[in-house]
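Please read them with the coordinates open.

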Amino acid sequence: MSEYRIQGATGEWEVVIGLEVHAQITTNAKLFSGAATAFGAEPNTQVSLVDAAMPGMLPVPNRECIRQAVRTGMAINAQINKWSRFDRKNYFYADLPQGYQISQLYHPIVGEGAIDIQLDDKNPDSVKTIGIERIHVEQDAGKLMHDQHPTMSYVDLNRSGVALMEIVSRPDMRSPAEAGAYLSKLRTILRFVGSCDGNMDQGSMRADVNVSVRKPGDEFGTRTETKNVNSVRFVMAVVEQEAKRQVALIEDGGTVVQETRLYDPDRNETRSMRSKEDAHDYRYFPDPDLLPLELDDAFLEECRASLPELPDAKRTRYEIALGLSAYNAGVLTADVETARWFEALLAETAAKAKKPEAEVAKQAANWLISELFGALNKLGKGLDNSPVSPAAGAELLALIADGTISGSIAKQVLEKMLETGDGAAAIVEREGLKQTSDTGAIEAAIDGILAANADKVEQYKGGKEALFGFFVGQTMKAMQGKANPGVVNELLKKKLS
Amino acid sequence: MTQLTDLGIAAIRDGVAKGDFTATEVATAFNAAVAAAQPALNAFIVTTPEKALEAAAKVDADRAAGKALGTMAGVPIGMKDLFATHGTQTTAASKILEGFKPQYESTVSQKLWDAGAGMLGKLNLDQFAMGSSNETSAFGNVISPWRRPNDTAPLAPGGSSGGSSSAVAARIAPAATGTDTGGSIRQPAAFTGISGIKPTYGRCSRWGVVAFASSLDQAGPMARDVTDCAIMLEAMAGFDPKDSTSLNLSVPEWTAGLNADMKGKKVGIPREYRLDGMDADVAKSWDDGIAWLKDAGAEIVEISLPHTKYALPTYYIIAPAEASSNLARYDGVRYGLRDLPDGAGLQDMYAATRAAGFGPEVKRRIMIGTYVLSAGFYDAYYTQAQKVRTLIARDFTEAFQQVDVILVPTAPSSAFALGEKSADPLEMYLNDVFSVPASLAGLPAMSVPAGLDRNGLPLGLQVIGKAFDEQGVLNASLALEQRAQFSARPAKWW
Amino acid sequence: MSVDTATVAKIASLARIKVTEADLTAMVPELNGILAWVEQLGEVDVTGVEPMTAVIPNTQRLRDDVVNADPLTGGDIRDAVLANAPAPEHGFFGVPKVIE
């Protein structure tokens, strides 16, 4: 694997990246209040007296938030801290009603763990382990709107108090691609675990990107933190732009300032946030409204037992037990919905064929990846809103497997299925697409083609055997694709011999 | 005939239940007493005679209908203005909350209304409960009904529950709620010759009580005597799932369990409380208390609480630290005062609002708290204080292996005059020297009147008990009460 | 550790309390007096002592993940939330314009 280097005037530079990912924990209610968390509600409707920090209001933690943080920690093989505690991070801002954020600085619920990323799907040697320093649970802030009034900003506290996990990586990434792969992989894991829906466009996952540059082998340079980057693509762009900016700055004789920056996707550049005075003295101390959080073994056991098969394990199983290619296994486990869809398709297909899953897995995987994905893509759809269900897909695969239709007819049938929502068998029946093994009809077609192409027959017999494919194609065409390819082959060979 | 306003909780409740008088008559009498005393004592920030009458009418109707009556039925009380009351202004005696009408009711006040109590009004206090003399209120000083002989100088009713103590002592409320962070129930009770108990931390829900220092704040009753305190504490206490620090325990029947017989009980006398230069009258009243408990059958045991002298400085790190954070929510965005100078940005608005809204003592404590939590100082101050706090609590734990309760004075002196100590914050803080240790350890502690000093002013004795043992505290206090025979009351000058 | 005017000004700024020069001058000796007094804690030997976390032994309870289970701590109460707002605006809290 070639190393990512920035070519500067003074030589090559290496970029060092760490990510702090804020992931909204999937729950019905907020971390410390019973208000709802649903996206897109009317302003300030999902706000309790607690979230608005009315005088005398007190926090009581939501068990599900704790549970999901623990499950996430387990999914990255992290240390789970049976004793943790909430701290207050004190600062003033209009989106922070309490004047402090309840977070976990000193004793986070999850300690060190790791995530493996693979930079090249087809190359198992491209795996790299990214260290996770910690995961802690904290409150989200509210939202300010600046464009509704000439002299005022508007505060909406619907998000205030929603539970977040902050997942802090080690500065282990060295290229935009690694940062992108890490974020994608993390998102995949969270979605498998079910602890975060990973909807970056709705803000349920966003990353603070820490970037520094150094000459290879040198000490870490001063880092900047680009806040709230909300897509994998943008994270990669931030790394690239910020690294270039820092190199140019240093080579121009400047120094990188440790600061908070914002990414402007329209201009594809980062810019310094107006530095907030006192921003660095958060006066963290244990929240005296809350007691230490002590987790018992039964709770941890339930968390562990309820974990699903995780992407890495699934991928290995697909390769070893199902015999899928590394590439296909990777594609199918890149997203929890894809894996779920595939496994449903596989189960239905195996049941219809009365065969073990391993025997039909390749066919199912290939069809899903090469046929269905492409067809859905054309329609601008995904598996989540696919008009074709796994059962319907299996019905189609069964028709191919038992010779009722050919692979090329199957493409047409799939198109009709997507268009009409009808079942494969019904479409084949209605459209008369059933493959024929009627030797009489096929023979007649072959005879016609051989007669019309006497010159090519001569050439074939003269040794140009590659022409065999031409005759097959012509025959299939004459049969409108419905001829059984095996029968066509057999008859052609006989006639041409 | 005895005036209705001379009656306490038990007498009112029983009289109403028996039909000796109606709850409405009681409420009317206290409303009138409140109105008459308000200009002189300033015990209330707002009065709510209609609320008192409304609750009384319901009790009278329930009685007429033969329904069961609550344990506080027909008793109109004063509510410290730190408890959020639905639709009634709640200020914590600060300008920053002037006009704030909560859309919710604190758990403790709700429990009292559910028990049949009514509200005479919201009682004045030290601003955000920060003070020992009720001189930090934004709504004026509360004046104690007590005066020195031949002296009209206004005296402090104690603090922070100074409105509560003044009102109960002046017989314009039979009882009142208080809150105690470092002595704010016990010290004002001692200054005004009434009783007050701070229960074990977590007994009374803090939900809906304006926070001062979360790890210390506890609500409790202030009333004429130990029995009334027991009745009212039973009504106030109880598990609240909305407060993470609430104790998930059922409320004992403290009133039924009252027993002044101290036979077989050991009473600890900590030598560290006998300070050099201790006020002679305070020392004498402590000795009286020791003799009374001995008379009640208790064995007196000298004990040691070695870290006592560090309690006050520990308190004055932890309480301001928590307060500096708890009071950050008063920012002019969602409720309360907003001071928005021309052209001011958000952060300017915060600074202007908080400068205009908080009084000097509140600002002082926020400043101290901010400083001790700030980068570079956190461990030296806050962490160290929390470690010393562990040692202070451990001192008590060890002492309670030997004794059942501890007897100490409530305060180092009787009531001082307004203005006498307000110039020097440190001197004021020293007033909490005997009350703060139990607060830091979260223990139940009660002050009962012990007698009058050379100036004819009340002195209090404090009983500190084991965690959860309010009963032991109430019983020892009852033994003291029976022997102290405290019957003095302030002459009505207002 | 004693504080000077600059430090007190910084603390006031951190605490978002606007202070005048006169306030600062008055606060410096006051705060120094209090700080000097609390610093006697430094003499306590706390070797092996854990900072207090819960004053009365108690463990953190966790609530069920149910929306509006208790109306007192639930949402859908916008009117109540905005009832005391100094500048309510179309269901929002209005604040002076923030430039980010």
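This is a predicted model: local features need pLDDT of at least 70, side-chain atom pairs count only at pLDDT 80 or more; totals for chains, interfaces and linings use all residues.

The points below go from whole chains to single residues.

1. Overall build of chain B. Chain B contains 15 helices and eleven strands. Its radius of gyration is 21 Å, close to the 23 Å that the globule rule gives for 494 residues, so chain B is as compact as a globular protein of that length. The C-alpha trace of chain B spans about 65 × 55 × 50 Å along its principal axes.

2. Burial and contacts in chain B. Of the 494 residues in chain B, 69% are buried. If one takes the contacts in chain B between residues at least 6 apart in sequence, 77% of them join residues at least 24 apart.

3. The largest nonpolar core. Which residues touch the most other members of this core? They are Met72(B) and Phe128(B), out of 220 residues in the core. Helix H12 of chain B, residues 378–402, gives the most to this core, with eleven residues. A second, separate core has 109 residues, including Val21(A), Met205(A), Leu307(A) and Ala329(A).

4. Surroundings of Met72(B). Residues up to four places away in sequence are not counted here. Among the residues that Met72(B) touches are Ile9(B), Ile77(B), Leu112(B), Ile231(B) and Met232(B). The list also holds a charged residue, Arg13(B). Ala115(B), Gly116(B), Ala117(B) and Ala235(B) are touched by Met72(B) as well.

5. Val239(A). This residue lies in helix H3 of chain A, which covers residues 232–251. Is Val239(A) buried or exposed? Its relative accessibility is 0%, so Val239(A) counts as buried. Leaving aside neighbours within four places in sequence, Val239(A) is in contact with Val15(A), Ile17(A), Ser175(A), Pro176(A), Ala179(A), Val209(A) and Val211(A). Leu119(A) is 120 residues away from Val239(A) along the chain, and the two C-alpha atoms are separated by 16 Å.

6. Overall build of chain C. Chain C has three helices and two strands, which run α-α-α-β-β from the N terminus on. A compact globule of 100 residues would have a radius of gyration near 13 Å, whereas chain C has 23 Å. The C-alpha trace of chain C spans about 50 × 45 × 25 Å along its principal axes.

7. Burial, surface and charge of chain C. Buried residues make up 48% of the 100 residues of chain C. The accessible surface of the chain is about 4900 Å², and 55% of it belongs to carbon and sulfur atoms. Chain C has 7 positive and 15 negative side chains, with the centres of the two sets 10 Å apart.

8. Glu89(C). Strand S1 of chain C, residues 88–89, holds Glu89(C). Which residues is Glu89(C) in contact with, leaving aside its neighbours within four places in sequence? They are His149(A), Met152(A) and Tyr154(A) from chain A, and Gly94(C) from chain C. Gly74(C) is 15 residues from Glu89(C) in sequence, and their C-alpha atoms are 22 Å apart in space.

9. Gly159(B) and Ser160(B) are joined by a cis peptide bond, with omega about 5°. Ser160(B) sits in the loop between strand S3 (118–123) and helix H5 (162–169). Asn134(B) also lies in the loop between S3 and H5. Asn134(B) is not a glycine, but its phi is positive, at about 60°. With a relative accessible area of 0%, Asn134(B) is buried.

10. Gln485(B). Here too phi is positive, at about 50°, although Gln485(B) is not a glycine. Gln485(B) is placed in the segment after helix H15 (470–484) of chain B. Its relative accessibility is 60%, above the 50% cut-off, so Gln485(B) counts as exposed.

Definitions and conventions: Residues are numbered from 1 along each chain as its sequence is written. Chains are lettered from A and ligands numbered from 1 in the order in which they are written. Side-chain values use heavy atoms; hydrogens and water are left out. A nonpolar core is a set of buried Ala, Val, Leu, Ile, Met, Phe, Trp, Tyr and Cys residues joined through side-chain atoms within 4.5 Å. Buried means under 20% relative accessible area, exposed over 50%, partly exposed in between (1.4 Å probe, protein chains only). Helices (H or I, at least four residues) and strands (E, at least two) are DSSP runs, numbered from the N terminus. Contact means heavy atoms within 4.5 Å. The radius of gyration is taken over C-alpha atoms; the globule rule is 2.2 Å times the number of residues to the power 0.38. Accessible areas come from the Shrake-Rupley method with a 1.4 Å probe; for residues, only the protein chains shown count as cover. The place of a charge is taken as NZ of Lys, CZ of Arg, CG of Asp or CD of Glu.
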